Amino acid sequence: MSKDNQILEEFTSKDYEHGWSVDMEVDEAPLGLNEDIIKWISAKKEEPQWLLDWRLKAFKTWEAMTEPEWANVTYPKIDLQALRYYSAPKKSNKPKSLDEIDPELLQIYERLGISLNEQKKLQGIAVDAVLDSVSVGTTFKDTLSKLGIVFCSFSEAVKEHPELVKKYLGSVVPTTDNYYAALNSAVFSDGSFCYIPSGVRCPMELSTYFRINAANTGQFERTLIVAEEGSYVSYLEGCTAPQRDENQLHAAVVEIYAAKDAEVKYSTVQNWFPGDKNGKGGIYNFVTKRGICAGDNSKISWTQVETGSAVTWKYPSCILKGDNSIGEFYSVAVTNNYQQADTGTKMIHIGKNTKSRIVSKGISAGKSQNSYRGQVQVMKRATNARNFSQCDSLLMGDKCGAHTFPYIDIQNSTAKVEHEATTSKIGEDQIFYCNQRGISTEDAVALIVNGYAKEVLNQLPMEFAVEAQKLLALTLEGSVG
Amino acid sequence: MTTITKNKVTDLFLLNKPTNSNFVELRKAGLDYLESNGLPALKEEEYKFTQISKRLEQQITNFKSAQPASLSKVLVQKAIFEGFDGDIIVFNNGEFVPTLSIISQQNYSFSLLSDAKPEILGSIAKVENDPFVALNNLAFNDGVFISVPKGKKVEKPIYLLHFNQANQGQVVNQRVLIDVADSAEVTFLENTISLDEESYFSNTVVEVKVAQNSHAHYYRLQNENRQAIVVNNFVTDIHRDATFTSVATQLQGGMLRNNLTMNLLDSGCEGNMYGLYLLNGKTHVDNHTNVDHTKPHADSNELYKGILADSSRGVFNGKIFVRQDAQKTNAFQQNNNILLSEDAIINTKPQLEIWADDVKCSHGCTTGQLDEEALFYLQARGIGKEQARGLLLYAFAGEVMEHILYQPFQQYCTNLIQDRLGSKF
């Protein structure tokens, strides 16, 4: 046991490797939240009147709302008035090409392992990087625009494609949806916008990297993906933040719209700063992600690897409105130290012959709490709906917790819904088996955990899968149950 | 219409105060709880799908306690099923009826709560568990106390038979306390009979203590009228190496809410929960079960099955808690449902909360229909479609019935189920 404890100790004291920040000159909004700040942000971004009105309306809604408390997480209340709602790297001139981007900025991305330069060509990924709140540059724009694909920062989209933004913004996640979605709608500073025209198969993975750099900043980005009839896109999202004592807030909104026969695959590797081993600091990750399969035969697939954040509150969902549409949710959530995660999905079956699949793998270590909360709803008219859900939990150590809250609401007699969940730990016999064959305990744990999460990791695009696997192994280094 | 608001609920249910002046502390705890919390509001998570307060508002016009209805030996005789041989404890709108009961007190003792004043009353079902426990504390007049002494085995089953009917009041409160001492064994049967089709609200609290190395079985049938609003809080404390098995069969009612809680307090104990809800019409049945593993090496098994026809609604919420100390726990939970009609609804939430790592816990939940191929197989062998359906549905339901170990009662419930499956479905 003492060896186990020692290894566990080592693991739980491991530092966050992305915990650094670069001092840059930033352009910031004053602290606090009120209508003037919203107007200030909107003016700063030279937004049209309709968007400002939309923001103000969202703000009004938000003011009447109260912070939700139903999630299985505890954290000190956030003083939203002590936050800064806009922080952008200072720019004297707008960069025209990557060469003109602040080298310090590029250095940040180099350290994150994302090079914004042409190296990416080899990997075929177009990257839109969002630092603090502002999008700093999108690669491969030309290649994509030849196909009619729009992939740019949100503010750019507002300027260049206002009709598209106006049509789809808030159509999947309305401003009234929940407390954090309303807040985001009022103060969102930037994000990514992606539009795939009818019949186009996006030739490369599109990717966004988010990073919170400045102190006291909330990051409120907004992602909107529209896939027109018969199109396909695979979208990646990565997140990191520097190591700070105080908690930082991240409240993003992601909206996906899939028309007839369209397919959208959205993958996330979330590695925000989880706080130190005493649970101090870290990111509060309160995210609303939802996609609508609006047309027949459309498909939305969410894959997430959640290893960071002090508190995670996130339910990527699918509204299966079109007949024969498909929703998928694959998740690996790892919590360690004092991390808390309450994550899962909602599958709302509205159309006929709709299918959904949920695979959730939770891994808890240290003193963390890991919850799966999901809902499968089959509406009255959704004949022949099919759902399969599987939620497994792996516990490492006896001070952590794993919780499952699946809601299954069926209103149609032709629905077939299955749900199963198991909880287990890594068996001593499994470890022993590996040891016997010359595999060290630590490697054996990594091996078993990887095998355990394989079903989800397999869903990730190649480049991400490697990163996620490494992340998983690192996060769980030395933890033996 | 009466409004059940936070402030009024206590006044409402105290329109006629219990005549019994005992249980002062219990009543005070109930009153305090209700005054600060009230009955569950519309959005309350635990009562999200079962709006008891709203239903009370709509259906109950007279919140006074129902006065005893007219009962006869014939009625009691009618409620006794074939093959039954044991003691009968008869309740008339919640009040014990000595003249109609048969109490041998063979290897157990029976008394009124007001006579025995057992100390453990109210210590197993606590007001914090559920607002309706608090309401029962406040409003019940008297109840019964059954205790089985150390080392004794009660050979014959004890049948708790309730007769309910709105009579100058629509509220019925029942209270039962069962204390099974070390190494004892006992079997209970329970059935509720509605005397007419009028609406009433019945609020029951049953507390059971199963001491070290003892075994208790509790088989319950709910087949009340279509207007009945029923809340039942059943709480068991299970001690070292003891086992407790509950089998609930739910066939009819207006809105039934059952909170079944098993506290597994020591090593080696076992809690089993089985349930079948076979619903039609507009019956709404809600089963909330709660298993709390607090110590290592305890087991729990749970199987609830539902068949829902017409516009019935089933709600299932199974909670399993495995506390930090409860290593080596085995906890299994399963909920299967068959929906037979377009208008039937099922809301299920199998919930696991685990704080210990060396445990085996699983839950499964399915909702579906009869297997077309199985149906075809039977039809191909000359069995009519209706009959084949009945057969398959009975096969589905029968798995729960097998756990009723008292044969005559198992047969009685089985007959009721087969009648239902053969005729209607």
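Into which domains does the domain assignment divide chain B? The assignment, which is automatic or taken from a database, gives domain 1 (1–260), domain 2 (267–369) and domain 3 (370–425). The structure is a predicted model, in which local features need pLDDT of at least 70, side-chain atom pairs count only at pLDDT 80 or more, and totals for chains, interfaces and linings use all residues. Residues are numbered from 1 along each chain as its sequence is written, while chains are lettered from A and ligands numbered from 1 in the order in which they are written.

**View 1. Overall content of chain A.** Chain A has twelve helices and 24 strands; these are DSSP runs numbered from the N terminus, with helices (H or I) of at least four residues and strands (E) of at least two. Of its 481 residues, 56% count as buried, that is, with 20 or more other C-beta atoms, placed from the backbone, within 10 Å of their own. Among the contacts in chain A with a separation of 6 or more, 83% join residues 24 or more positions apart; a contact requires C-beta atoms, placed from the backbone, within 7 Å.

**View 2. The side of chain A that touches chain B.** Here 32 residues of chain A are in contact with 32 residues of chain B. The elements of chain A that give two or more residues to this side are β22 (386–395), β23 (401–410) and β24 (416–424). The most come from β23(A), which gives ten residues. By class, this side of chain A holds twelve nonpolar, 14 polar and six charged residues. In this scheme Ala, Val, Leu, Ile, Met, Phe, Trp, Tyr, Cys and Pro are nonpolar, Asp, Glu, Lys and Arg are charged, and the others, Gly among them, are polar.

**View 3. Strand pairing between the chains.** β23(A) and strand β18 (residues 345–354) of chain B run antiparallel and are joined by six bridges; pairing requires at least two DSSP bridges between the strands. Within this pair, A:Ala402 stands opposite B:Ile354 in β18(B).

**View 4. Domains 1 and 2 of chain B.** The C-alpha centres of domain 1 of chain B and domain 2 of chain B lie 22 Å apart. In contact are 25 residues of domain 1 of chain B and 23 residues of domain 2 of chain B. On the domain 1 side, β11 (243–252) and β12 (255–264) of chain B are the elements that give two or more residues. β11(B) gives the most to that side, with ten residues. The domain 1 side comprises ten nonpolar, eleven polar and four charged residues.

Notes
Contact = placed C-beta atoms within 7 Å. Buried ≥ 20, exposed ≤ 12 C-beta atoms within 10 Å, placed from the backbone.
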